[in-house]
Amino acid sequence: MIKKREFDIKSYEVDFAGKKLTLESGKFAEFADGSITARCNETVVLATVVVGKEPREGVDFFPLLVDFEERFYAAGKISGSRFIKREGRPSDAAVLAARKIDRPLRPLFPKIYRNDVQVVITVLSYDGTVDPDIMAIIAASAALMQTNAPYMGPIAAMRVGRVGENLVFNPTEKEIEQSDLNLSVAMTKDRVMMLEVESNEVPEEVIIEAIDQAINISKPVFDIQHKIAEDYRSQIADEETTLESEIHADISKIVENDIKEALLQMDKAAREEQLQAFEARALQELE
């Protein structure tokens, strides 16, 4: 039976281009290897990560799966049909969002890594102002930082628009409608991982300036992800130490006196036989 891991709920706040971005761990999906809830205004996304224990056989590629789950309830829409109780196939926007998350994450794993990695993003709430795609990239990276996968992150992401002559970072949907630039950039601290641009004859120097400023503004997002990984692994170490102590105490109750007698046995073969019998009995009772 798989035991659910129970961790303290921890909340981390960071300035996200003038808006408060809150990353929360330990609240949902406790069976997952990594789980992060990201909130900005009233937009909330949940990122969960599960990593395979063993490499997948017979593949010559990194089996990374990214799934972006949209839900009608996130925007307050409930289907009126009495028969259709779930969403259908992913929308084109959901497929493109999944690809936008996959592109910056995939190069940050070793080329020879063959373990399955599944990243599932669920949009829990959408207020129509904050882009959930960008939040999903950050949440997915933070969730991966909690796992044992050889992930060489973290990464951050930023959306940039331009209204008039002014660059707008983390713009609302209304600002994007007025903008002649719609730039999504994902990056590590020292390199750009992914660019997606839609523009209306915007000069090249404006694009470069937007990328440079997005990297500088995103520095706190990198730091908070390192803090999340540090805190999570500290809790894992504490839990493992506690569990080891509990197991040791349980074994002692079962066979402590018998082991003391066996150790006094002068015949080595007889002593080994007794110890093997005690081990088998302890495993059977602990199951």
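Trainee: Where is Pro 154?
Mentor: Pro 154 sits in the loop between H2 and E7. Helices (H or I, at least four residues) and strands (E, at least two) are DSSP runs, numbered from the N terminus.

Trainee: What kind of peptide bond joins Gly 153 and Pro 154?
Mentor: A cis one, with omega at about 10 degrees. In general, most peptide bonds are trans.

Trainee: Before I go on, what should I know about the model and its numbering?
Mentor: It is a predicted model, where local features need pLDDT of at least 70, side-chain atom pairs count only at pLDDT 80 or more, and totals for chains, interfaces and linings use all residues. Residues are numbered from 1 along each chain as its sequence is written, and side-chain values use heavy atoms, with hydrogens and water left out.

Trainee: OK, the sheet with E7 in it. What is the strand order?
Mentor: The order is E8-E7-E9-E10, in an open sheet of four strands with antiparallel pairing. Two strands pair if DSSP finds at least two bridges between them.

Trainee: Which strands stand at the edges?
Mentor: E8 (166–169) and E10 (192–199). Each has a single partner strand, so one side of each is left without a neighbour in the sheet.

Trainee: How many bridges for E7 and E8?
Mentor: Four, in the antiparallel sense. Gly 161 has Val 168 in E8 as its bridge partner. The two strands form a hairpin with two residues between them, and Gly 164 in the turn has a positive phi of about 70 degrees.

Trainee: And E9 to E10, how many bridges?
Mentor: Seven bridges join E9 (residues 181–187) to E10, and the strands run antiparallel. Asn 182 is partnered with Glu 198 in E10.

Trainee: Which strands does helix H1 touch?
Mentor: H1 (residues 92–105) packs on the sheet and touches E9 and E10. The direction of H1 makes about 145 degrees with that of E10. Axes are lines fitted to C-alpha atoms, for helices over the stretch in contact (heavy atoms within 4.5 Å). Angles run from 0 to 180 degrees between N-to-C directions.

Trainee: What about H4, which strands does that lie across?
Mentor: H4 (residues 204–217) lies across E7 (156–163), E8, E9 and E10, at about 40 degrees to E8.

Trainee: Changing topic. How many residues are in the largest nonpolar core?
Mentor: It has 68 residues, and among those with the most contacts inside it are Ile 101 and Val 117. Helix H2 (residues 132–145) gives the largest share, eleven residues. A nonpolar core is a set of buried Ala, Val, Leu, Ile, Met, Phe, Trp, Tyr and Cys residues joined through side-chain atoms within 4.5 Å. Buried means under 20% relative accessible area, exposed over 50%, and partly exposed in between (1.4 Å probe, protein chains only).

Trainee: Last one. Where is Ala 29?
Mentor: Ala 29 lies in the loop between E2 and E3 (34–40). Its phi is positive, near 55 degrees, in a residue other than glycine. Ala 29 is partly exposed, with a relative accessible area of 34%.
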